[in-house]
Amino acid sequence: MTNQFKEELENGCKKLNIILSDRQLFQFFRYYELLLETNKVMNLTAITEEKEVIEKHFVDSLLLVRVLDQMNENSGKAEPIKERFSKGTCIDVGTGAGFPGIPLKILFPELSMVLLDSLNKRVGFLNEVISEIGLSGIRAVHGRAEDLGKNREYREQFDFCVSRAVANLSTLSEYCIPFVKTGGFFIPYKSGKSQEEISEAEGAVLHLGGKMEGTVFETLPNSEAERAFVLIKKVFATPKKYPRKAGTPSRDPIS
């Protein structure tokens, strides 16, 4: 691991009040190496420069920690959300090259994580990363959210669902909310300019069994890039008809 990589990642994490162990730093570095190696033969990311990968993939994925801290502050005497997340079950829908799921798993070793992606080649890469950097309690699954969301093994089995997938929030909610247990949370990563989209998705979220409990806006350290994290709590079971068959959620979002 280069000193420059270590310094960049530590500085970015410090601004999130995160201190990484030597093992975690190595895991991030090896992940970065595998990402670059595989990206030569498979289109995983357009971002390859070391500093940008650290900022726009690794630190961006870990921004959720700030959101969990804020949820802790607002929870009063309720169970601390950050503690629940760190030892709970989570699914990352449309994970792509493993963001945010793998960085979150590296940070929280006791977190049980499923990485879901529709492209089998990417799932192969994810499994290589999992094996190479020594992660346990995490698996990559090949499938479509529309199909697995109806599967008893996955439907309403997770405390949390996260996604950085680029999709309209109404559509993304139909993909993701069915995976969440009643009382759990779906927390999508959206751009900071998504207020209108978030507002327009409120009806779909309610229809799917969720309730918007607020939006947390964050700015990436060392950058002006903004993120909006929508806090969607699962308040009742998702109606059985959802998610609809493949292609329908994106073609005809719930209004």
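## Strands 6 and 7

Strand 6 (residues 210-219) runs antiparallel to strand 7 (residues 226-234), and eight bridges join the two. Strands pair here if DSSP finds at least two bridges between them; strands are DSSP runs of E with at least two residues, helices are runs of H or I with at least four, and both are numbered from the N terminus. Gly210 sits opposite Lys234 in strand 7. The two strands make a hairpin with six residues between them, and Asn222 in the turn has a positive phi of about 65°.

This is a predicted model, where local features need pLDDT of at least 70, side-chain atom pairs count only at pLDDT 80 or more, and totals for chains, interfaces and linings use all residues. Residues are numbered from 1 along each chain as its sequence is written, and side-chain values use heavy atoms, with hydrogens and water left out.

## Helix 2 against helix 7

Helix 2 (residues 22-39) packs on helix 7 (residues 120-132) at an angle of about 150°, their axes 10 Å apart. Axes are lines fitted to C-alpha atoms over the stretch in contact, with angles from 0 to 180 degrees between N-to-C directions. So helix 2 is roughly antiparallel to helix 7 (the label for angles over 145 degrees).

Arg30, Tyr31, Leu34, Leu35 and Thr38 of helix 2 meet Phe125, Glu128, Val129 and Glu132 of helix 7, where contact means heavy atoms within 4.5 Å.

## Salt bridges

There are 19 salt bridges in the structure, each a side-chain nitrogen of Lys or Arg within 4 Å of a carboxyl oxygen of Asp or Glu. Arg227 pairs this way with Asp60, with the closest N and O atoms 2.8 Å apart. That pair links distant parts of the chain: Arg227 is in strand 7 and Asp60 in helix 3 (residues 50-62), 167 residues apart.

Conventions:
Parallel < 35°, antiparallel > 145°, perpendicular 65-115°, else oblique.
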